Amino acid sequence: MIINTVTLPVHNNSAEKATVTPELPEKVIISMAQSIGAPCEPLVKPGDRVLKGQLIGDSSGNVSAPVHASVSGKVSGETEILNISGKLSRAIVIETDSIQELHPDIKPPTVTDRESFLKAVRDSGSVGLGGAGFPTHLKLDYDRKRATADTLIINAAECEPFITSDYREIMELPHDVIEGIRLVMKYIGIPKALIGIEGDKPDAIEKMREVSANFPEITVKQLPAKYPQGAEKVIVYQMTGKLVKKGKLPLDSGCIVMNVSTISFLAEYMRTGIPLITRRVTIDGDEELIDKENAKNVFVPVGTTLEHLRKIAGLKREPARIIIGGPMMGSCVYDMNTPVVKTTGSVLFLGEPDFTRESPCIRCGKCIHVCSINLNPYEINRAYDAKNVEMLKKLCADMCMSCASCSFICPAKRHISEKGQLAKQLVLKK
Amino acid sequence: MDYLTPILFFAGIGVAAGVILTVAAKLFAVEGNVIVKKLTEQLPGTNCGACGFANCSKYAEAIAAEKVAPNQCKPGGVAVAEKIGEVLGKSVNAAEPETAFVFCNGKPPNSPDSSAIDEKYRYNGGQSCRACELYYNGKNSCRFGCTGLGDCVAICPENAISLVNSIAVVDSRRCTACGLCIKACPKNIIRVQSTGQRVNVACSSKDFGAKVKSVCVTGCIGCKICIKKCPQSAIQMRDNLAEINAELCDNCGICASSCPMKSIVKS
């Protein structure tokens with residue numbers, strides 16, 4: 001079976017530049033809801049002085065990762081952030097000071113067995129850095145009765161244009177990637193690991209092959225340079241040939257999929273004990289807004305606002321749209337106070353969108369030929385218009401992962417993917 | 001002469017077939033349930049679903065089988081209830097006439113007379129409230145108010161809803177209280193109530209007063225003046241929002257005239 005894909009335009013101006021550390025922002029806004037699951041409760045009050053790496057938010061909920069202060073300074077207050085899903089989440093505002101003192105409790109964790117490793121992973125505040133934000137310790141502490149994981153898949157596909165933060169991770173810290181893989185394999189008991197990298201990044205493939213040469217259990221595989229390769233179901237199939245069926249997890253096929261930046265962070269945490277407080281973020285955008293030379297990757301503390309990133313970016317004029325994430329699956333942001341969260345991998349500054357209005361469907365079937373999980377977007381759209389829930393269930397509308405390939409390819413510029421999301425909502429509600 | 005033969009031939013076939021079909025229809029006629037047929041004729045035929053059945057004929061079948069009360073047709077009102085009573089040979093009390101009401105009368109703070117509502121961002125997606133709701137709770141600064149993209153307008157079978165200054169308004173004379181708009185509205189700000197209820201709090205915002213005031217000039221700020229003024233003690237505060245108890249309210253309108261935000265309206 002061949003996975004349906006689309007070919008996206010290439011934008012990688014930021015790829016071959018080393019990551020820079022710009023000046024610190026004056027304030028950071030740290031969201032209490034940085035992973036899926038219950039949001040954290042703040043552990044500090046306005047007026048408190050916090051140190052870099054200090055635990056400032058934790059939750060007793062099952063599916064949450066703790067939140068740490070990314071800078072040292074004074075807590076100036078609490079604010080609310082509106083997430084794209086429409087949920088208001090609490091956030092702590094910290095005014096940065098000039099000292100940037102590290103919290104004294106920070107030291108490398110002592111890891112001896114599976115339990116202590118999982119506890120260390122939880123304490124690190126690690127979540128899936130690819131964008132989903134699933135807490136890493138839960139992914140690794142999987143239900144052993146359900147299935148046994150025999151393959152660790154490292155997702156370094158990075159299939160969306162503009163984003164190069166995972167690529168820079170491989171180029172700058174290849175040994176951390178290997179170290180992280182070996183730690184997870186050792187303590188979770190997974191016999192082999194596969195690293196998937198898209199074919200348009202030959203340097204990264206070569207680098208990973210070079211550093212993994214001494215470890216026969218780690219294999220680097222080349223993925224086609226097509227979109228979407230990084231989607232969980234797709235990458236499992238491309239790497240192992242196993243299908244992840246509807247309602248199943250990659251785990252049911254014996255796979256655990258982890259983002260390359262997550263795995264590299266774990267290695268760094270085990271070595272230094274500094275929790276997840278800094279993020280590598282790609283800053284890029286339309287060439288009319290941001291010069292080729294200004295496209296770059298930066299290390300910024302979690303909680304840096306878009307306002308500060310815009311200053312760093314060196315824009316030629318005001319952007320019409322700002323997107324957090326990639327141009328296909330990312331979300332448009334309107335509030336300049338929106339902070340960088342753990343899952344933010346890129347911020348794009350774009351010009352005016354294409355205002356072509358939707359025109360009637362010409363039934364060309366292109367959307368059907370690009371759907372990577374073989375859904376029928378055309379029929380799903382029709383069934384949604386008729387509010388036919390039975391039909392939507394039959395068409396598996398709830399499997400849609402909103403990769404937006406159908407909207408991208410549609411010559412009539414119809415909002416197919418948007419209706420797919422609505423259809424999914426309708427099916428899940430009923 | 002050549003063309004006369006085929007004309008006569010086909011006309012002959014037509015007459016013969018007509019006679020055969022008429023005779024067959026009389027001879028082999030299947031007696032349907034006469035009451036169901038009569039009831040279906042009396043019902044409005046909009047298939048709105050307000051009675052709880054998929055369409056009018058399904059409801060008629062249920063009435064005939066005495067599975068359900070015969071006064072559930074909301075669009076029909078008194079007239080249809082009387083006719084159903086005639087068919088069934090007994091008196092049917094019509095359900096109380098009801099109408100839908102949109103609990104939002106939002107106006108932006110900066111330009112109270114402008115046609116647009118206060119927006120957080122410019123929305124270019126599909127022109128549907130539910131699609132807009134996917135992004136940051138909709139485009140409007142008020143999280144609770146009407147999105148104004150007309151999902152309810154599109155679904156209303158009676159064309160009773162229109163957009164006035166980007167806020168949905170129900171024409172109570174046309175509304176049949178079928179309730180389709182309630183299901184279509186992603187903000188859940190439409191409710192069906194008795195047509196006798198003339199005074200309403202046209203706001204759904206549960207935010208605190210300062211926040212409401214920053215995005216809307218007609219939103220309820222929770223000042224409780226209406227509670228103090230109400231002679232019937234029919235108003236209470238729930239989640240920073242005044243709520244009128246329809247059982248106690250006598251539609252005097254004192255609250256509407258004393259509301260400093262004009263968020264209570266009397267129709």
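This is a predicted model: local features need pLDDT of at least 70, side-chain atom pairs count only at pLDDT 80 or more; totals for chains, interfaces and linings use all residues.

Reply: Residues are numbered from 1 along each chain as its sequence is written, chains are lettered from A and ligands numbered from 1 in the order in which they are written, and side-chain values use heavy atoms, with hydrogens and water left out.

Me: Which residues touch the most other members of the largest nonpolar core?

Reply: A nonpolar core is a set of buried Ala, Val, Leu, Ile, Met, Phe, Trp, Tyr and Cys residues joined through side-chain atoms within 4.5 Å. Buried means under 20% relative accessible area, exposed over 50%, and partly exposed in between (1.4 Å probe, protein chains only). Here the largest core has 47 residues, and Phe117(A), Leu152(A) and Ile181(A) touch the most other members. Helix α4 (residues 174–188) of chain A supplies the largest share of this core, eight residues; helices (H or I, at least four residues) and strands (E, at least two) are DSSP runs numbered from the N terminus. Another core, of 41 residues, lies apart from it and includes Val300(A) and Cys129(B).

Me: With which residues is Phe117(A) in contact, leaving aside its neighbours within four places in sequence?

Reply: Contact means heavy atoms within 4.5 Å. On that basis Phe117(A) meets Val111(A), Leu140(A), Leu183(A), Val184(A), Tyr187(A), Ile188(A) and Met270(A).

Me: Where is Asp113(A) found, and which side chains does a polar contact join to that of Asp113(A)?

Reply: A polar contact is a pair of N or O atoms within 3.5 Å; within protein, one must be able to donate a hydrogen and the other to accept it, and residues adjacent in sequence count only if both atoms are side-chain atoms. Asp113(A) belongs to the loop between β7 (88–96) and α1 (114–123) of chain A. Its side chain has polar contacts with those of Thr112(A), at 3.5 Å, and Ser116(A), at 2.8 Å. Asp113(A) has a relative accessible area of 37% and is therefore partly exposed.

Me: Is Ser116(A) buried or exposed?

Reply: Ser116(A), in helix α1 of chain A, counts as buried because its relative accessibility is 19%. Not counting residues up to four places away in sequence, Ser116(A) touches Thr110(A) and Val111(A).

Me: At what angle do α4(A) and helix α5 of chain A pack?

Reply: Axes are lines fitted to C-alpha atoms, for helices over the stretch in contact, and angles run from 0 to 180 degrees between N-to-C directions. α4(A) and helix α5 (residues 202–211) of chain A pack at about 55 degrees, with their axes 10 Å apart. The two helices are therefore oblique; angles under 35 degrees count as roughly parallel, over 145 as roughly antiparallel, 65 to 115 as roughly perpendicular and the rest as oblique. Pro174(A), His175(A), Val177(A) and Ile178(A) of α4(A) make the contact with Lys207(A), Met208(A) and Val211(A) of α5(A).

Me: Is Ile178(A) buried or exposed?

Reply: Ile178(A) has a relative accessible area of 4%, so this residue is buried. Beyond its neighbours within four places in sequence, its contacts include Ile195(A), Met208(A), Val211(A) and Phe215(A).
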